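These are my notebook entries on a model that I examined one region at a time.

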Amino acid sequence: MKKTILLAVTGSISAYKAADLTSQLGKLGFNVEVLMTKNATAFITPLTLQSLSKNQVHLDVMKEPDVTVINHIELAKRADLFLVAPATANIIGKLANGIADDVVSTVALALKTEVPKLIAPAMNTYMYQNPITQRNLKILKEVGYTEIDPREALLACGDFGRGALATIEEITKVVLNILSTSEASYEK
Ligand SMILES: Cc1cc2nc3c(=O)[nH]c(=O)nc-3n(C[C@H](O)[C@H](O)[C@H](O)COP(=O)(O)O)c2cc1C
């Protein structure tokens, strides 16, 4: 059976790269279910990610497509891996502080401890270096998230520095490493 990756896309300029990521993960044989924040939809359309993932995109925690279940809990239970890419400074702050006010942060909070959780930040270099962002990332790593480090690059804002989303190859490599060794060893 295909393993399910919950891919959470947030409102970064690099959100368009989530299309390639979704496509690559699908080609590698994973079932990809995309979750988007409202702000992510300003950068890439749900239709694009729906078409590439061949699954409905989850946008609204209050939308219950199946009335017999609670969607965010069911989604969390289906996850073999949770990947936030790109992750904004905002979502990093929310996840680190247990805020659950949209579909991404609510599903994240409902994940079992054993589910591998990856976070790939993408933001301006000063936002990334900000002690608050670094503190939030430290908290996430302490509770089991793995950070996929951003790259140094000339950023969309014109600044040069660390903050560019890791390459799709780097992200898929980390996913493959985790999912080829985990063999869904935890009880769902
Ligand atoms: C053009 C533009 C590009 C942005 N790029 C980023 C980014 O790469 N990383 C980031 O953390 N925030 C970025 N932001 C700011 C976020 O979109 C903003 O903090 C938003 O509240 C994040 O919402 P979300 O985390 O719910 O998706 C950008 C905003 C704009 C207008």
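**Entry 1: strand β4.** The model is a predicted one. I looked up which way the side chains of β4 point: K117, I119 and P121 face one way, L118 and A120 face the other way, and all are buried. This is the arrangement to be kept in mind for strands, since in a regular strand the side chains alternate between the two faces of the sheet.

**Entry 2: the partners of β4.** Which strands are joined to β4 by bridges? On one hand I found β3 (residues 81–87), which runs parallel to β4 and is joined to it by 4 bridges. Within this pairing I noted that A87 stands opposite P121 and that V84 has I119 as its bridge partner. I also found β5 (residues 145–147), parallel to β4 as well, with 3 bridges between them.

**Entry 3: strand β3.** I asked why β3 can be called largely enclosed by the rest of the structure. The reason is that 7 of its 7 residues are buried. Its side chains are divided as follows: L81, L83, A85 and A87 point one way, F82, V84 and P86 point the other way, and all are buried. I followed β3 to a further partner, β1 (residues 4–9), which runs parallel to β3 and is joined to it by 4 bridges. In that pairing, L7 has L83 of β3 as its bridge partner.

**Entry 4: the ligand.** I listed the shell around the ligand and found 14 residues, the closest being G11, S12, T37, T88 and A122. By class, the shell holds 7 nonpolar residues, 7 polar residues and no charged ones. Which helix gives the most to this shell? It is α4 (residues 89–96), with 3 residues.

I then looked up the polar atoms. The side chain of T37 has an N or O atom 2.6 Å from an oxygen atom of the ligand. A polar side-chain atom of N39 lies 2.9 Å from a ligand oxygen. At A122 the atom concerned belongs to the backbone, and it is 2.7 Å from a nitrogen atom of the ligand. Taken alone, the ligand exposes 650 Å², of which the protein buries 65%.

**Entry 5: H58.** I located H58 in the loop between α2 and α3 (71–78). Is H58 buried or exposed? Its relative accessibility is 10%, and because the cut-off for buried is under 20%, H58 counts as buried. The side chain of H58 makes a polar contact with the side chain of E33, at 3.1 Å. Not counting residues up to four places away in sequence, H58 touches E33, V34, L35, M36, N71, L75, R78 and V103.

**Entry 6: S53.** I placed S53 in helix α2 (residues 46–53). With a relative accessible area of 10%, S53 is buried. A polar atom of its side chain lies 2.7 Å from the backbone oxygen of L49. Leaving aside neighbours within four places in sequence, I found S53 in contact with T22, V32 and V34. I also checked L25, which is 28 residues from S53 along the chain; the C-alpha atoms of the two are separated by 8.8 Å.

How values were computed: Residues numbered from 1 in each chain as written. Predicted model: local features only at pLDDT ≥ 70, side-chain atom pairs only at ≥ 80, totals over all residues. Heavy atoms only, no water. Helix = DSSP H or I, 4+ residues; strand = E, 2+ residues; numbered from the N terminus. Buried < 20%, exposed > 50% of the residue type's maximum accessible area, 1.4 Å probe, protein only. Contact = heavy atoms within 4.5 Å. Polar contact = N/O pair within 3.5 Å; in protein donor to acceptor, adjacent residues only side chain to side chain. Near = heavy atom within 4 Å. Areas by Shrake-Rupley, 256 points an atom, 1.4 Å probe, with all protein chains shown as cover. Nonpolar A, V, L, I, M, F, W, Y, C, P; charged D, E, K, R; others polar. Pairing = 2+ DSSP bridges.
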